[in-house]
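Visitor: I would like to go through the pockets and the helix packing, with the reason for each label.

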Amino acid sequence: MKRSVVIVDDHLLIAKALHSIIEAFEGFEVLFECENGKVLLDRLAQSKKNPDILLLDISMPVMDGFETAAIVSASYPGIQIMALTMQNDDESLIKMIKCGASGYLHKNVHPKELENALRHIDLKGYYYPEWAASKVFKTFARDNLSKGKPEINDREKEFLQYVCTELTYKEIGEKMFCSARTVEGYRDHLFEKLGVKTRVALALYAVKTGIHKL
């Protein structure tokens with residue numbers, strides 16, 4: 001079964017080029033293209049099938065990538081959001097992560113890296129190139145130092161350890177001998193404690209603090 005992708009980019013030529021490139025990847029298909037976040041939300045509301053992955057530009061008219069990512073991550077949590085942009089500043093990277101993006105790529109990457117990124121985010125739920133991951137670690141370290149270390153109980157630590165694996169939330173619940181709703185509760189409490197919105201952000205925190213080792 002092919003994994004579905006939606007492209008959101010206000011540059012028509014880029015969107016069309018991405019469409020052709022992704023359609024050539026084995027196991028992937030493009031559902032549709034949109035020129036901004038507002039059009040995307042309208043299409044999602046009418047669509048019978050949600051995409052598995054959203055390739056999202058940041059700088060767009062009407063509704064930019066930040067606002068779009070925040071709404072999609074809240075309303076359609078099953079969609080993985082990959083930022084694909086020309087912006088390489090720290091502020092945009094961190095803001096996209098906090099808005100719900102699980103991946104970040106430059107538009108000048110080779111098609112092979114785009115394919116690798118799509119497969120990685122589909123299988124593991126996130127994709128950040130090395131340069132982006134290092135910036136995220138530094139920002140999390142600085143933010144947590146300024147806020148003070150949050151109190152993480154034993155069950156939340158156990159949950160964070162499993163978050164760093166490839167297990168789904170349902171499988172994590174089975175490992176922890178609890179319901180899916182309980183697992184969602186651990187996730188939501190940690191989102192609030194750490195000020196984040198995505199699984200990859202939880203995993204980054206676990207690695208940074210050494211909690212990740214099972």
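Visitor: Which helices each supply at least two residues of the lining of the second largest pocket?

Guide: They are α1 (12-23) and α5. This is a predicted model, in which local features need pLDDT of at least 70 and side-chain atom pairs count only at pLDDT 80 or more, while totals for chains, interfaces and linings use all residues. Residues are numbered from 1 along each chain as its sequence is written, and side-chain values use heavy atoms, with hydrogens and water left out.

Visitor: What makes a residue part of the lining of a pocket?

Guide: On a 1 Å grid over the protein atoms alone, a pocket is an open set of points with protein on both sides within 12 Å along at least five of seven lines, and a lining residue has an atom within 4 Å of a point. For the second largest pocket, the residues that line it include I14, A17, L18 and I21, and also H106, K107 and H110. With four residues, α1 gives the most to this lining.

Visitor: How many residues of that lining are nonpolar, polar and charged?

Guide: Eight are nonpolar, two polar and one charged. Ala, Val, Leu, Ile, Met, Phe, Trp, Tyr, Cys and Pro count as nonpolar, Asp, Glu, Lys and Arg as charged, and the others, Gly among them, as polar.

Visitor: Why is α1 called roughly perpendicular to α5?

Guide: The two helices pack at an angle of about 70°, with their axes 11 Å apart. Because angles of 65 to 115 degrees count as roughly perpendicular, under 35 as roughly parallel, over 145 as roughly antiparallel and the rest as oblique, α1 is roughly perpendicular to α5. Axes are lines fitted to C-alpha atoms, for helices over the stretch in contact, and angles run from 0 to 180 degrees between N-to-C directions.

Visitor: Which residues of α1 and α5 meet?

Guide: L18, I21 and I22 of α1 meet P111, L114 and L118 of α5, where contact means heavy atoms within 4.5 Å. The residues of this contact are six nonpolar, no polar and no charged.

Visitor: What makes α3 and α4 roughly parallel?

Guide: The angle between α3 and helix α4 (residues 90-98) is about 20°, and their axes are 9 Å apart. That angle makes α3 roughly parallel to α4. G65, F66 and A69 of α3 touch S92, K95 and M96 of α4. By class, this contact has three nonpolar, two polar and one charged.

Visitor: Why are α2 and α3 given the label roughly parallel?

Guide: Helix α2 (residues 37-46) packs against α3 at about 20°, with axes 9 Å apart. The two are therefore roughly parallel to each other. On the α2 side the contact has G37, L40, L41 and L44, and on the α3 side T68, I71 and V72. Five of these residues are nonpolar, two polar and none charged.

Conventions:
1 Å grid on protein atoms, 1.4 Å probe; cavity = no way out; pocket = protein on both sides within 12 Å on 5 of 7 lines; lining within 4 Å.
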